[in-house]
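Subject: Structure handover and findings

Dear colleague,

My notes on it follow directly after.

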Amino acid sequence: MKRFLNGFIGLLFICSTAHVVASAEEDLSKRLKAIETFSAAFTQIISDPSGEEIQSTSGLVQLKTPGLFYWQVNPPFEQLVVANQQFLWVYDADLEQVTISDRQKLDNSPAQILSGDFSSLGDQYSVTEKKQKGGNLYRLKALVDNNQTFTELLFEFSNQSLLTGMKLTDRLGQVTSVLFSEIKLNTGIADTVFEFGTPEGVDIIVNE
């Protein structure tokens, strides 16, 4: 959102804000570039616009740059999402169904940002930074003239530069909060983790 201010004081304010935004974007990019692999347990809570909890899940996430993603949700909402540089697999164990899509389905998503493609971060979001006790909080607001799924993203890093949490707000006001624990950074993850082997007997749906 642009603010229009008149006079010299307003000009100073605008210049100051622009500097802060650029610094925050650079700082966030630097932290993301430092992530070569990332593995953690997660708890995820989805809330409606009024703040009422809709769903709580837990599981395991693994990332590897460039572009490799693994997201496994524990029962009772069991689901597995795997992406390599070509394909995206979404496996619902309860439905005995796997959906295969082009990797580009992850475009503009937090998964894409975390797994290494943040080259256009500044084109898609305005970035601000807030230093707080225990670390840094980065707020990404989708630019007005684009078509992002999420209107706002928050990335929380500890003082040790570990990604400890995320909060995502979509266009309908639904909020997804994710907290990471048992974090392992740059410890090496085999590429085979990001290949999906379809279980025998499940339905396969291919999104063209």
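In these notes, a residue is called buried if its relative accessible area is under 20%, exposed if that area is over 50%, and partly exposed in between, with a 1.4 Å probe and protein chains only. By that definition Thr57 is buried, because its relative accessible area is 7%.

Please note that this is a predicted model, in which local features need pLDDT of at least 70, side-chain atom pairs count only at pLDDT 80 or more, and totals for chains, interfaces and linings use all residues. Residues are numbered from 1 along each chain as its sequence is written, and side-chain values use heavy atoms, with hydrogens and water left out.

Confidence

The pLDDT, which is the predictor's confidence in each residue from 0 to 100, averages 83 over the protein chain, and 81% of the residues score at least 70. Over residues 1–21 the pLDDT stays under 50, and the model has six contacts beyond four places in sequence for that segment. Contact here means heavy atoms within 4.5 Å.

Overall architecture

The protein chain contains three helices and twelve strands; these are DSSP runs numbered from the N terminus, with at least four residues for helices (H or I) and at least two for strands (E). Twelve strands form an open sheet with mixed pairing, in the order E7-E8-E9-E10-E11-E1-E2-E3-E4-E5-E6-E12. Its edge strands, E7 (125–132) and E12, each pair on one side only; two strands pair if DSSP finds at least two bridges between them.

Of the 208 residues in the protein chain, 39% are buried. Among contacts between residues at least 6 apart in sequence, 43% join residues at least 24 apart.

Strands E1 and E2

Strand E2 (residues 53–64) pairs with E1 in the antiparallel sense over eleven bridges. Within this pairing, Ala41 stands opposite Leu60 in E2. Thr57 also lies in strand E2, and its contacts, leaving aside neighbours within four places in sequence, are Phe42, Thr43, Gln44, Val73 and Phe77.

Ala40 belongs to strand E1 (residues 37–47) and is buried, with a relative accessible area of 1%. Beyond four places in sequence, Ala40 touches Gly59, Leu60, Val61, Phe180, Ser181, Glu182 and Ile183.

Nonpolar cores

A nonpolar core is a set of buried Ala, Val, Leu, Ile, Met, Phe, Trp, Tyr and Cys residues joined through side-chain atoms within 4.5 Å. The largest one has 31 residues, and those with the most contacts inside it are Phe38, Val61, Phe69, Trp71, Leu140, Phe155 and Phe180. Strand E9 (residues 150–158) gives the most to this core, with four residues. Another core, of twelve residues, lies apart from it and includes Trp89, Val98, Phe194 and Val202. In soluble globular proteins, nonpolar side chains tend to be buried together.

Phe180 touches several residues beyond four places in sequence, among them Phe38, Ala40, Val61, Leu163 and Met166.

An exposed loop residue

Gly201 sits in the loop between strand E11 (175–185) and strand E12 (203–206). This glycine, Gly201, is exposed, with a relative accessible area of 69%. The C-alpha atoms of Gly201 and Glu96 are separated by 7.9 Å, and the two residues are 105 apart along the chain.

With kind regards
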